[in-house]
Amino acid sequence: TGIEPGTPGAQATPRLRRGDLIKEVNQESVESAEDYRRLVREAKPEESILLFVRRGTRTFYVTVERNEK
């Protein structure tokens, strides 16, 4: 829905952008914003999160380092 400045998603490489569609979190399918929130909550705080993202016609992986270590 959006990327907050200063958050791990905004600092990821490549950077996430408004309009990116997150298809997976840690190789688990995301069908809704609630799925995304649940999967991020379930991830261990000391581990990074792997996102599979669709941007237009491109798809790619993004690793997001968590600030909760």
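Two residues are in contact when heavy atoms of theirs lie within 4.5 Å. Keep that in mind while we walk through this structure, which is a predicted model.

Start with the overall plan. The protein has two helices and four strands. Read from the N terminus, the order is α-β-β-α-β-β. The chain counts 69 residues, and 29% of them are buried. Its accessible surface is about 5,000 Å². Carbon and sulfur atoms account for 47% of that surface. Now take the contacts between residues at least 6 apart in sequence: 40% of these join residues at least 24 apart.

Next, look at helix α2, which spans residues 33-42. Which of its residues are buried? They are Asp 35, Leu 39 and Val 40. Viewed down the axis of α2, these buried residues fall within an arc of 125 degrees, so they line one face of the helix. An α-helix has 3.6 residues a turn, so residues three or four places apart point the same way. What covers the buried residues of α2? The cover includes three strands: β1 (21-25), β2 (28-29) and β3 (49-55).

Finally, turn to the aromatic rings. To describe a pair of them, give the distance of the centres and the angle of the planes. The structure holds one aromatic pair. Phe 52 and Tyr 61 form this pair. Tyr 61 itself is partly exposed, with a relative accessible area of 46%.

Methods:
Residues numbered from 1 in each chain as written. Predicted model: local features only at pLDDT ≥ 70, side-chain atom pairs only at ≥ 80, totals over all residues. Heavy atoms only, no water. Buried < 20%, exposed > 50% of the residue type's maximum accessible area, 1.4 Å probe, protein only. Areas by Shrake-Rupley, 256 points an atom, 1.4 Å probe, with all protein chains shown as cover. Arc of directions from axis to C-beta. Phe/Tyr/Trp six-rings, centres within 6.5 Å; stacked < 30°, edge-to-face > 60°.
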